[in-house]
Amino acid sequence: MRWPRRSGRTAPPILVDDGSLAILASSFDPAAGEGPALATLAATGHPPGAPVLLRHLFALPEPPDTPESPDAPDAPEPPDAPEAAGASSFDGAASTSLPAWGARRPIRPSGRAREAALRTVVERDGYEVRWLGDRLAVTRQTVPTVLAVAQERARMTGLEMRLPVTYLGWQALASPPASQPHQAGRTPGRKACGRP
């Protein structure tokens, strides 16, 4: 079977997060919605319908470590009197139950385990993951529409319910518009798009 040839159409360029792209828009406030950020993107001169590299930023917060605090919800309880343990052994309970003073602190995954968990979930759907300073950057190329970006944000926010990560927000990266010259090492759109 011969597929029809498409004339006059070229494939969109493949965008790579290698430092050559400019941050043209970003949003770190879920309450603001996607509209204002995408309006900023359009104001830079980015062509409508042209793809961007959508970069989602995650933090891997260290788990709280406060064993000294008696009010900590997962702090181990003090041991009972030795007589109590001995009494339970007479009725056979010792072989079927754990001592009351056993460690109750939940096992928290290490930083590498948390990174691996995030990679496993997103890489199978075509996202790329890399470190960007102390943040994990999850990127995928997409055409930026309000619906598409809102769906992306909702998906990434949902990962907070499944993984020990914190979703910070997104950035739209693309080649700097040719009509706007570089200024002393700065790229267009950098001023309007700060990082958290």
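Modeller: Let us begin with Tyr167, which has a relative accessible area of 9% and is buried. The model is predicted, so local features need pLDDT of at least 70 and side-chain atom pairs count only at pLDDT 80 or more, while totals for chains, interfaces and linings use all residues. Residues are numbered from 1 along each chain as its sequence is written, and side-chain values use heavy atoms, with hydrogens and water left out.

Colleague: Why is Tyr167 called buried?

Modeller: Buried means under 20% relative accessible area, exposed over 50%, and partly exposed in between, with a 1.4 Å probe and protein chains only. Tyr167 has 9%, so the term buried applies. Phe58 counts as buried at 0%.

Colleague: What makes the rings of Phe58 and Tyr167 a tilted pair?

Modeller: Rings of Phe, Tyr and Trp (its six-membered ring) pair if their centres lie within 6.5 Å; planes under 30 degrees apart count as stacked, over 60 as edge-to-face and the rest as tilted. Here the centres are 5.1 Å apart and the planes stand at 50°, so the pair is tilted. A search of the whole structure finds one aromatic pair. The partners are 109 residues apart, with Phe58 in strand 2 and Tyr167 in strand 5, and they link distant parts of the chain.

Colleague: How many helices and strands does the chain have, and how are they assigned?

Modeller: There are four helices and five strands, in the order β-α-β-α-α-β-β-α-β along the sequence. Helices (H or I, at least four residues) and strands (E, at least two) are DSSP runs, numbered from the N terminus.

Colleague: How do you know what span to expect for helix 4?

Modeller: The expected span is 1.5 Å times one less than the number of residues. Helix 4 (residues 146–162) has 17 residues, and its reach of 25 Å from first C-alpha to last is close to the expected 24 Å.

Colleague: Why are the buried residues of helix 4 said to line one face?

Modeller: The buried residues of helix 4 are Ala148, Val149, Glu152, Arg153, Met156 and Leu159. Seen down the axis, they fall within an arc of 135°, so they line one face of the helix; the arc is that of the directions from the helix axis to the C-beta atoms. On the other side, Leu147, Gln151, Met161 and Arg162 are exposed. The cover over the buried residues includes strand 1 (22–27), helix 3 (111–123) and strand 5 (166–174).

Colleague: What makes a set of residues a nonpolar core?

Modeller: The set consists of buried Ala, Val, Leu, Ile, Met, Phe, Trp, Tyr and Cys residues joined through side-chain atoms within 4.5 Å. The largest core has 26 residues, and those touching the most other members are Phe58, Leu118, Val122, Val138, Met156, Leu159 and Trp170. Strand 5 supplies the largest share of this core, four residues. Apart from it lies another core, of five residues, among them Leu15, Leu21, Leu53 and Leu173.

Colleague: What does Leu136 touch?

Modeller: Contact means heavy atoms within 4.5 Å. Not counting residues up to four places away in sequence, the contacts of Leu136 include His56, Phe58, Glu115 and Leu118. Leu136 is found in strand 4 and is buried, at 0% relative accessible area. The C-alpha atoms of Leu136 and Phe58, 78 residues apart along the chain, are separated by 5.1 Å.
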